[in-house]
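Here are my notes for someone opening this one for the first time. Have a look at the picture, then work through the points in order.

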Amino acid sequence: LEFDGASGCTRWHDNICELVRGSPNPTLSIVCDFFQPPGSKEDEFALLAFTGSSDGTICTWDLSETVTAFVASLNSAGGDNDRDLGGGGGVSCNGPAKQVTPVARHERVHQSGVNALAMRRTEKGLCLVSGGDDQALHIKWIPHCPTGRELDSPHSLKFDFDKSADAHVPNAHVSSLKSVWTDGRVAVSTGIDQRVNFWKVSSTFPVGVKASQHSRGAPGFAEEDGEGKEEGGG
């Protein structure tokens, strides 16, 4: 969707890409981030996306090349895309939509739907948090590629998806989780049980990840102060 800030008009473009060979089930959640990978050139960037599906699968997508080509096609189209945005019609900028396959596919992260996703990049790597319909919270740490392996990476993200560490917290809530957030050190989760749970996240590559709970209830509900259950994984 293209937006003209001066006129307030919008116009839809054709599909930029099609995500294929991910999960065959419906997508319930998505999170993405636009960033400059470590060690990259000044004009290089990456667009990373995660999708969560109703079968508990989380897929990782590198959309960098596709989006770069799309932006270039907009620029090469000249002034036509900057005028008459009120026409309401679609415009094809780069021909047929390109098919993109997952960089990584993580199956059975949750027993059922992945309702929420959040991610944050840190100096250690990438922290991905998911909340499921199975009442579980899952935390995945993905480190940066070791020096020397970046050139061999088939994608521009420069993360080592084969060396990720996980922590899974079953029964993080007494109902389905509906929203999660993280800054890489703390994770926050909410569910239908009307609770807001805070989790202290610690990563010790390559040993694993741990999450310590601090709960806060909704108004009228009891609160739990101090450290609660702690879960980790290798």
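1. Let's begin with Glu107, which has a relative accessible area of 42% and is therefore partly exposed. One thing to keep in mind throughout: this is a predicted model. Glu107 pairs up with Arg108 in a salt bridge, where the closest N and O atoms are 3.8 Å apart. Arg108 itself is exposed, at 67% relative accessible area.

2. How many salt bridges does the structure hold? There are five. One of them brings together the side chains of Arg185 and Asp183, at 3.8 Å from N to O. Back at Glu107, shared partners tie Arg105, Glu107 and Arg108 into one salt-bridge network.

3. The salt bridge I'd look at next is the one between the side chains of Asp33 and Arg121, at 2.6 Å from N to O. This pair links distant parts of the chain, with Asp33 in strand β4 and Arg121 in strand β9, 88 residues apart. Arg121 counts as partly exposed, with a relative accessibility of 34%.

4. Now for the sheet that β4 belongs to. It is an open sheet of four strands, ordered β4-β5-β6-β8 and paired antiparallel. Which strands stand at the edges? They are β4 (27–35) and β8 (104–106); each has a single partner strand, so one side of each is left without a neighbour in the sheet. On average, and ignoring direction, neighbouring strands here are turned by 15° against each other.

5. A closer look at one pairing in that sheet: β4 and β5 (residues 46–53) run antiparallel and are joined by eight bridges. As background, strands of a sheet pair through backbone hydrogen bonds, either parallel or antiparallel.

6. Strand β6 (residues 58–62) contains Cys59. Is Cys59 buried or exposed? With 1% relative accessibility, Cys59 counts as buried. Beyond its neighbours within four places in sequence, Cys59 is in contact with residues including Gly22, Ser23, Ala49, Phe50 and Thr51. Pro102, Ala104 and Arg105 are also among the contacts of Cys59. Arg105 is 46 residues away from Cys59 in sequence, yet their C-alpha atoms are 4.5 Å apart in space.

7. On to the sheet that holds β9. This one is also open, with four strands in the order β9-β10-β11-β12 and antiparallel pairing. Its edges are β9 (114–121) and β12 (165–169), each with a single partner strand, so one side of each has no neighbour in the sheet. From one strand to the next, the twist averages 15°. Strand β11 (residues 137–143) pairs with β12 in the antiparallel sense over five bridges, and His138 has His168 as its bridge partner in β12.

8. Last, the surface. Trp181, Val186, Val196 and Phe198 form a nonpolar patch there, with about 310 Å² of accessible area together. Phe198 belongs to strand β15 (residues 195–204) and counts as partly exposed, at 34% relative accessibility.

Definitions and conventions:
Residues numbered from 1 in each chain as written. Predicted model: local features only at pLDDT ≥ 70, side-chain atom pairs only at ≥ 80, totals over all residues. Heavy atoms only, no water. Pairing = 2+ DSSP bridges. Helix = DSSP H or I, 4+ residues; strand = E, 2+ residues; numbered from the N terminus. Axes fitted to C-alpha atoms, helices over the stretch in contact; angles between N-to-C directions. Buried < 20%, exposed > 50% of the residue type's maximum accessible area, 1.4 Å probe, protein only. Contact = heavy atoms within 4.5 Å. Patch = residues over 30% accessible without salt bridge, like charges linked within 9 Å, V, L, I, M, F, W, Y side chains within 5 Å. Areas by Shrake-Rupley, 256 points an atom, 1.4 Å probe, with all protein chains shown as cover. Salt bridge = Lys/Arg side-chain N within 4 Å of Asp/Glu carboxyl O.
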